[in-house]
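Hi everyone, thanks for coming. Let me put today's structure on the screen, and then I'll walk you through a few of its contacts.

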Amino acid sequence: MTGLTESIESAQQLAVAWRALVLDRDADADVRDLPGIAVRWADCRFSFYNCVTLTDPGAGADLVARRLSRAADIMRAKKHPGFLWLFEGLLDDEARTALTTAAEQAGLEYAFPGTGMAGDLLPIPDPVHPDLTFVRVRTDEHLRAYADLQSSAYGFPLEEGRDGLVGSAHWKSEMYAYLGMRGDLPVACAATVEAQGRLFVAFVATDPRWQRRGYGEAVTRKALYEGARATGLTRATLHATVAGAPVYPRIGFTPNSPIHFFNLKK
């Protein structure tokens, strides 16, 4: 794949996977596909379920400025905050240079970075970690534990993660979601889901008290292994945070587009 093709793939994977997630959370969620903008907004307290992304391939500076302004207007109309995910690989050189200024003029502020990754890496071996057992998310108790790991890892109040995940049928059936258990204690989690012919990895987290022990990598491998075994898919994609970025190449992922997360200026 070319750099642009991989960036298009990465943005499309977000749009496909998040559409199912937010509609599961709220059947009336905003999942519009507008010119150059995909809205995937559950308008709940879990900010990762409130998402807008730009979709024009090879967009120039003027077009990006207009799209950012429109995206910010959409975000202002919502009850709960969320993020604009911007895939840098979709922009032309001029737009990349002008991005910071254009975002500021639209009323957006930079939140944190990410990286799109993909690879034709499946299947992989069933993982083993000496400290962990793996449990698939099948019950409300499992899902609450998964939500709490998300909140702890990203510094959210517990109620926010629970508002996104608890009560979901999709997570307990369509997602290959796993908890890494240290005895009876959930310490890490990861999920995969089929998205447009790929296995998409999402919502990887490790309890901050148990980081740097290989737990996140192990549970990610488990979600990939089980998802690939069930679907037969061979290509996997994900969007990595800074914490996860060094881990995924060890599994076989290759970085592609940088991702810039923006929220509204406070």
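A quick word on ground rules. This is a predicted model, where local features need pLDDT of at least 70 and side-chain atom pairs count only at pLDDT 80 or more, while totals for chains, interfaces and linings use all residues. Residues are numbered from 1 along each chain as its sequence is written, and side-chain values use heavy atoms, with hydrogens and water left out.

Helices and strands here are DSSP runs numbered from the N terminus: H or I with at least four residues for helices, E with at least two for strands. Let's begin with helix 2 (residues 61-76) and helix 3 (residues 93-105), whose axes are 9 Å apart and pack at an angle of about 30°. Those axes are lines fitted to C-alpha atoms, for helices over the stretch in contact, and the angles run from 0 to 180 degrees between N-to-C directions. Helix 2 and helix 3 are therefore roughly parallel to each other; the classes are under 35 degrees for roughly parallel, over 145 for roughly antiparallel, 65 to 115 for roughly perpendicular, and oblique for the rest.

Who meets whom? From helix 2 we have A61, V64, A65 and L68, and they meet E94, A95, A98, L99, A102 and A103 in helix 3. Contact means heavy atoms within 4.5 Å. The residues of this contact divide into nine nonpolar, no polar and one charged. In that scheme Ala, Val, Leu, Ile, Met, Phe, Trp, Tyr, Cys and Pro are nonpolar, Asp, Glu, Lys and Arg are charged, and the others, Gly among them, are polar.

Now to the second pair. Helix 4 (residues 140-154) and helix 5 (residues 158-165) have axes that come within 8 Å and cross at roughly 135°. That makes helix 4 oblique to helix 5. Helix 4 brings L143, R144, Y146, A147, D148, S151 and S152 to the contact, and helix 5 brings L158, E160, G161, R162 and L165.

On to the rings. How many aromatic pairs does a search of the whole structure find? It finds 21, where rings of Phe, Tyr and Trp (its six-membered ring) pair if their centres lie within 6.5 Å, with planes under 30 degrees apart called stacked, over 60 edge-to-face, and the rest tilted. One of them is W18 with F203, stacked at 5.3 Å centre to centre with 20° between the planes. W18 sits in helix 1 (residues 3-25) and F203 in strand 9 (residues 198-206), 185 residues apart. W18 is buried, with a relative accessible area of 4%, and F203 is buried at 8%. Buried means under 20% relative accessible area, exposed over 50%, and partly exposed in between, using a 1.4 Å probe and protein chains only.

Last, two single residues. S7, in helix 1, is buried at 2% relative accessibility. Setting aside residues up to four places away in sequence, S7 touches G89, L90 and S257. N263 belongs to strand 11 (residues 254-264) and counts as buried at 16%. Beyond its neighbours within four places in sequence, N263 is in contact with M75, G82, F83, G107, L108, E109 and A111.

Thanks, and I'm happy to take questions.
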